[in-house]
Amino acid sequence: MKNDNIYPYYIKYLEQRLVEGKISRGSYSLLRISQSAFEDFKFKFENDSEMRIASIRDKKIDDLFDDFI
């Protein structure tokens with residue numbers, strides 16, 4: 001699961017949900033290791049173009065800011 005190319009997008013998605021208050025810290029920890037939750041995200045990511053575009057855009061923005069720090 002962690003070797004999958006989509007996994008970094010999954011982690012960003014979970015972090016965003018945590019910041020928005022949609023999941024708790026404990027849920028975040030469990031979802032990071034949940035194979036079924038990852039597979040659900042992967043299916044949505046591959047089949048929902050809006051979600052894929054938003055996830056890729058958010059990761060690129062975060063990567064740019066990481067370069068400044």
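This is a short tour of the model, stop by stop.

The model is predicted, so local features need pLDDT of at least 70 and side-chain atom pairs count only at pLDDT 80 or more, while totals for chains, interfaces and linings use all residues. Residues are numbered from 1 along each chain as its sequence is written, and side-chain values use heavy atoms, with hydrogens and water left out.

**Stop 1: helix 1**

Select residues 7-19. This is helix 1, with 13 residues. Helices here are DSSP runs (H or I, at least four residues), numbered from the N terminus. From first C-alpha to last, helix 1 reaches 19 Å, close to the 18 Å expected at 1.5 Å a residue. The expected span is 1.5 Å times one less than the number of residues.

Now show side chains. Y7, Y9, Y10, I11 and L14 are buried in helix 1. Buried means under 20% relative accessible area, exposed over 50%, and partly exposed in between (1.4 Å probe, protein chains only).

Step just past the helix to G21. Its phi is positive, about 80 degrees.

**Stop 2: the core**

Which residues have the most contacts inside the largest nonpolar core? Select Y10 and F41; the core has 13 residues. Helix 1 and helix 3 are the elements that give two or more residues to this core. Helix 1 gives the largest share, five residues. A nonpolar core is a set of buried Ala, Val, Leu, Ile, Met, Phe, Trp, Tyr and Cys residues joined through side-chain atoms within 4.5 Å.

Y10 has a relative accessible area of 2%. F41 has 3%. Beyond residues up to four places away in sequence, F41 touches I6, Y9, Y10, Y13, M51 and S55. Contact means heavy atoms within 4.5 Å.

**Stop 3: the rings**

The structure holds seven aromatic pairs. Y10 and F41 make a tilted pair, because their ring centres are 5.3 Å apart and their planes are at 50 degrees. Rings of Phe, Tyr and Trp (its six-membered ring) pair if their centres lie within 6.5 Å; planes under 30 degrees apart count as stacked, over 60 as edge-to-face and the rest as tilted. This pair joins helix 1 to helix 3 across 31 residues.

**Stop 4**

Pick F38, in helix 3 (residues 35-47). F38 is buried at 1% relative accessible area. Leaving aside neighbours within four places in sequence, F38 contacts M1, D4, I6, Y7 and Y10.

Finish at S34, in the loop between helix 2 (25-33) and helix 3. S34 is buried at 19%. Not counting residues up to four places away, S34 touches M1 and Y10.
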